Amino acid sequence: MTKKREVEDGVVPEESTAKRQKVMDQSSPSLPPVAFENPLLPLASYDDDEDDEDDGTKGHIAEQVINNGEDKEQNGYSSDDEEDEDDGRSQGKRNRAIEIRRDCPYLDTVNRQVLDFDFEKFCSVSLTNLNVYACLVCGKYFQGRGPKSHAYTHSLEAGHHVFINLRTEKVYCLPDGYEVIDPSLDDIIHVLNPRFAQEQVKQLDKSRQWSRALDGSDYLPGTVGLNNIKETDFVNVTIQSLMRVTPLRNFFLIPENYQHNRSPLVHRFGELTRKIWHARNFKGQVSPHEFLQAVMKASKKRFRIGAQSDPVEFMSWLLNTLHTELRSSKKGSSIIHRCFQGELEVVKEMHNRSIAEKRENGEDGEHESHNTGMETSRMPFIMLGLDLPPPPLFTDVMEKNIIPQVPLFNILKKFDGDTVTEVVRPRIARMRYRVTKLPKYLILHMRRFTKNNFFMEKNPTLELFFLISNPPHVGTFKKGVESRV
């Protein structure tokens with residue numbers, strides 16, 4: 001009875017005080033000092049959460065807002081769940097009530113001329129890609145928006161108050177911390193992440209309308225230029241060629257087709273495709289910087305910025321890598337094979353024994369035909385390599401080299417099934433090729449460069465292409481392979 005009265009009167013017994021002190025000491029151990037090798041690393045782990053209050057008022061308010069989910073939008077508050085990924089740890093954090101406002105006094109400070117979302121989403125201070133915001137006034141990237149974050153500090157130092165989350169596409173006003181919802185910001189959201197509906201994709205080839213960038217330049221969606229960052233023209237020509245393939249373009253314009261794919265290369269290629277065909281860009285060109293970073297990582301720096309490479313090798317690697325990442329199983333198909341894969345019949349004729357062995361054994365050359373073997377196989381292909389005729393060695397009367405011209409169909413005779421192609425590696429053999437299945441889109445490449453003992457020589461022969469508009473079924477190859485042009 002005495003202990004109860006002492007507690008009611010505000011007097012705490014010594015035994016209770018000692019126990020409480022012991023519990024507090026166990027629950028809050030002292031942290032050892034941490035030495036950071038990189039001074040930017042401590043800044044990279046700041047959370048977006050405000051400073052922790054001792055009274056727990058914000059946690060109580062957030063709990064009430066979540067429990068009353070039906071009324072939170074009407075009261076002008078929302079549960080900002082996406083902020084749980086601030087430092088990559090989504091579990092164990094509390095949801096916070098974020099005020100939503102439609103009347104932000106700083107919207108007139110947004111400068112669309114400096115906005116560029118083509119580069120990697122990294123904080124310009126901490127160099128992290130977690131919870132990155134873009135300042136809509138100066139265009140720089142900063143991490144977080146809490147009181148200790150870089151974006152919050154930038155808003156106070158530079159007086160820039162409007163920021164957009166590059167992942168959730170939500171706009172906030174700092175340092176006040178409320179979310180801004182205004183229709184005037186929709187064009188920025190569309191440039192950050194272009195979107196296409198199924199009906200829009202179907203109408204791309206039917207209606208050709210020019211678009212105008214903010215600087216007044218006109219551009220045609222789908223044919224915009226790509227920035228040559230540093231000797232990356234081999235990537236640009238490949239991308240521009242693939243953008244002309246309608247099924248491939250339509251597949252990557254809809255992110256739902258590959259949303260469960262984990263390959264960064266697939267997502268970066270789809271993002272680049274949507275930006276090239278977007279009709280509301282702020283500028284008349286697109287930078288493939290993020291796509292190039294994904295290419296460097298996926299190819300283990302075989303193709304990288306600053307090093308020139310063969311576009312044929314790059315296209316072959318890109319198509320095969322995309323197919324490998326998109327297929328559902330080892331023998332499954334993908335949009336790559338549905339567009340570009342064909343089938344080739346190869347007849348290989350080679351001698352069972354070399355001529356030197358025959359001469360040593362005293363055999364007559366008349367019996368050479370009886371010592372040959374033939375192998376027939378079928379193999380899939382994505383690209384066909386064409387052999388150009390050698391350039392002439394002599395000059396004309398004007399003492400100039402004559403640049404020969406050859407029709408494309410003459411070069412395609414290599415695949416008619418009758419023309420013999422002699423190879424020396426890995427063994428001397430005579431090859432005959434026949435296309436048994438044509439793909440929907442046939443990729444041809446000419447081998448112009450040959451390396452001799454002294455230098456790399458280029459074949460200047462010109463190919464003549466003929467465009468046939470709406471013909472009947474045309475025999476493409478001699479063996480009866482037909483295709484509708």
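Predicted model: local features only at pLDDT ≥ 70, side-chain atom pairs only at ≥ 80, totals over all residues.
Student: What is the phi of E231, and is E231 buried or partly exposed?

Tutor: Most residues other than glycine have a negative phi, and most peptide bonds are trans. E231 has a positive phi of about 55° although it is not a glycine. For accessibility, buried means under 20% relative accessible area, exposed over 50%, and partly exposed in between (1.4 Å probe, protein chains only). At a relative accessible area of 39%, E231 is partly exposed. Compare N131: this residue is not a glycine either, and its phi is positive, about 55°. N131 is placed in the loop between strand 2 (97-101) and strand 3 (132-135) and is buried, with a relative accessible area of 4%.

Student: Which peptide bond is cis?

Tutor: The bond from L174 to P175 is cis, with omega near 5°. Look for P175 in the loop between strand 6 (171-173) and strand 7 (178-180).

Student: How many helices and strands does the chain have?

Tutor: The chain has 14 helices and 23 strands. Of its 485 residues, 38% count as buried. Contact means heavy atoms within 4.5 Å. Among contacts in the chain with a separation of 6 or more, 64% come from residues 24 or more positions apart.

Student: How many residues of helix 10 are buried?

Tutor: Helix 10 (residues 289-298) is mostly covered, with 7 of its 10 residues buried. They are H289, E290, F291, L292, A294, V295 and M296. These buried residues pack against helix 7 (233-242), helix 9 (264-276) and helix 11 (311-326). After helix 10 comes K300, whose phi is positive, near 55°.

Student: At what angle do helix 8 and helix 9 pack?

Tutor: Axes are lines fitted to C-alpha atoms, for helices over the stretch in contact, and angles run from 0 to 180 degrees between N-to-C directions. Helix 8 (residues 246-253) and helix 9 pack at about 105°, with their axes 8 Å apart. That makes helix 8 roughly perpendicular to helix 9 (under 35 degrees is roughly parallel, over 145 roughly antiparallel, 65 to 115 roughly perpendicular and the rest oblique). From helix 8, R249, F252 and L253 meet V266, F269, G270, T273 and R274 in helix 9. The residues of this contact divide into 4 nonpolar, 2 polar and 2 charged (Ala, Val, Leu, Ile, Met, Phe, Trp, Tyr, Cys and Pro count as nonpolar, Asp, Glu, Lys and Arg as charged, and the others, Gly among them, as polar).

Student: R249 again: over the face of which residue does R249 lie?

Tutor: A charge sits over a ring if NZ of Lys or CZ of Arg is within 6 Å of the ring centre and within 35 degrees of the ring normal. R249 lies over the face of W277, 4.6 Å from the ring centre. Likewise, the charged end of R101 sits over the ring of Y178, 4.3 Å from its centre.

Student: How many aromatic pairs are found in the whole structure?

Tutor: Rings of Phe, Tyr and Trp (its six-membered ring) pair if their centres lie within 6.5 Å; planes under 30 degrees apart count as stacked, over 60 as edge-to-face and the rest as tilted. The search finds 12 pairs. In one of them, F251 and Y258 have ring centres 6.0 Å apart and planes at 40°, so the pair is tilted. F251 counts as buried at 16% relative accessibility, and Y258 at 3%. The rings of F415 and Y433 also form a tilted pair, because their centres are 6.0 Å apart and their planes are at 55°. This pair links distant parts of the chain: F415 is in the loop between helix 14 (408-411) and strand 16 (421-423), and Y433 is in strand 17 (residues 429-437), 18 residues apart.

Student: Which residues form one aromatic cluster?

Tutor: F251, F252, Y258, F269 and F291 do.

Terms used
Residues numbered from 1 in each chain as written. Heavy atoms only, no water. Helix = DSSP H or I, 4+ residues; strand = E, 2+ residues; numbered from the N terminus.
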